[in-house]
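This briefing goes through the core, the salt bridges, the surface patches and several loop residues of one structure. Please keep the sequence and the model in view while reading.

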Amino acid sequence: MKSKELSVDLRDRIVFRHRSGEGYKKMSAALKVLMSTVASIIWKWKKFGTTRTLPRVGRPARLSDRGRRALVREVTRNPMVTLTELQCCSMKRGEPSRRTTITAALHKSGLFGRVARQKPLLSKKHTTARLEFAKRHLKDSQTMRNKILWSDETKIELFGLNAKRHVWRKPGTAHHLANTIPTVKHGGGSIMLWGCFSAGGTGRLVRIEGKKNAAMYRDILDENMLQSTLDLRLGRRFIFQQDNDPKHTAKITKEWLRDNSVNVLEWPSQSPDLNPIEHLWRNLKLAVHRRCPSNLMELERFCKEE
């Protein structure tokens, strides 16, 4: 606990004795003041020319610097530690443990609570492969990148977008129909889509009916992928990107790609985050969510319009 502040008179006497040539130890014994306090008062007088209490910026922090550093160490060591656990640690050290005090101390140190991002689980083999892939294509020209046709599949649920929406409402109206997002069990149905795009624009968007297999995927490529390259004017020497889904690497798929002289971009495993089409899928899902389709037919039509 912080001790009571020394009176102005006592502080002035310390400075007077110091100017008279008296030493710190002698002053400390005569005035019954800690030698460190004597040194602090003299340092303040030398720096600011006064012994009076200077104006403070805001309320003094309740948490000590030592306590704040301990919180920062704990959060750095375990970023997923909860605020309740931090409160317990602070109490054990005899420091203030209010949630607002701890949060303010962490904010002052540049640490903020955020929702953890989800990303693929990568082994050392996956990490090495992704790094080698990045190094191989680091110096690719823009002309070469413009010739890549990116592709992927995605599922869009009728009521299933897990996105937070903010509404302006009055107290007590949280459950009014206009202030809620409708949900149903199992998402209310969904559609599976295959799509592609390049630097020149979007290609065809196809709804996948039923369970997809290698034969169905080959037919999608045959009916839509080649036509998309013509629509986007990629030319005959385009590069086709697809992930390592078993249906994409099946024998009949490889034979079709070889027979049609399609140059396939090698793709490291566990790398959906490297595919720029993921940004398009998210924009599409957000646009569909805003329009709130009431059935799967409307959902499919909205997707193709977007």
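Helices (H or I, at least four residues) and strands (E, at least two) are DSSP runs that are numbered from the N terminus. The model is a predicted one, in which local features need pLDDT of at least 70 and side-chain atom pairs count only at pLDDT 80 or more, while totals for chains, interfaces and linings use all residues. Residues are numbered from 1 along each chain as its sequence is written, and side-chain values use heavy atoms, with hydrogens and water left out.

**Nonpolar core**

- A nonpolar core is taken here as a set of buried Ala, Val, Leu, Ile, Met, Phe, Trp, Tyr and Cys residues joined through side-chain atoms within 4.5 Å, where buried means under 20% relative accessible area, exposed means over 50%, and partly exposed covers what is in between (1.4 Å probe, protein chains only).
- The largest such core has 16 residues, and those that touch the most other members are Leu149, Trp194, Leu221, Met225 and Phe240.
- Two or more residues of this core are given by each of strand S2 (190-198), strand S3 (201-208), helix H9 (214-231) and helix H10 (251-259), and the largest share, 4 residues, comes from H9.

**Salt bridges**

- The structure holds 9 salt bridges, each defined as a side-chain nitrogen of Lys or Arg within 4 Å of a carboxyl oxygen of Asp or Glu.
- One of them joins the side chains of Glu153 and Lys212, with an N to O distance of 2.8 Å. Glu153 lies in strand S1 (residues 148-157) and Lys212 in the loop between S3 and H9, so this pair ties together parts that are 59 residues apart in sequence. Both Glu153 and Lys212 are buried.
- Another salt bridge is formed by Asp219 and Arg218, whose closest N and O atoms are 3.6 Å apart. Asp219 is partly exposed, with a relative accessible area of 35%, and Arg218 also counts as partly exposed, at 29% relative accessibility.
- Asp245 and Lys247 form a further salt bridge, in which the closest N and O atoms are 3.2 Å apart. Asp245 counts as partly exposed at 22% relative accessibility, and Lys247 counts as partly exposed at 23%.

**Surface patches**

- Patches are made of residues with over 30% relative accessible area and no salt bridge, with like charges joined within 9 Å and nonpolar side chains (Val, Leu, Ile, Met, Phe, Trp, Tyr) joined within 5 Å. Accessible areas come from the Shrake-Rupley method with a 1.4 Å probe, and for residues only the protein chains shown count as cover.
- A surface patch of positive charge gathers Arg66, Arg69, Arg73 and Arg93; Lys and Arg count as positive and Asp and Glu as negative, whereas His and the chain ends are not counted, and the place of a charge is taken as NZ of Lys, CZ of Arg, CG of Asp or CD of Glu.
- Trp43, Phe48 and Leu54 form a nonpolar patch on the surface that has about 310 Å² of accessible area together. Leu54 lies in the loop between H3 and helix H4 (65-77) and counts as partly exposed at 32% relative accessibility.

**Loop residues and backbone**

- Lys32 lies in the loop between helix H2 (24-31) and helix H3 (35-48), is exposed with a relative accessible area of 78%, and has a phi near 55°, a positive value in a residue other than glycine.
- Gln270, which is not a glycine either, has a positive phi of about 55°. Its place is in the loop between strand S5 (263-264) and helix H11 (277-291), and Gln270 is partly exposed, with a relative accessible area of 36%.
- Ser123, in the loop between H6 and helix H7 (124-136), counts as partly exposed at 34% relative accessibility. The C-alpha atoms of Ser123 and Gln270 are separated by 9.2 Å, although these residues are 147 residues apart along the chain.
- Asp245 belongs to the loop between strand S4 (239-241) and H10, and its C-alpha atom is separated by 9.2 Å from that of Ser269, 24 residues apart along the chain.
- Arg233 is found in the loop between H9 and S4 and is exposed, with a relative accessible area of 76%. The C-alpha atoms of Arg233 and Gly201, 32 residues apart along the chain, are separated by 10.0 Å.
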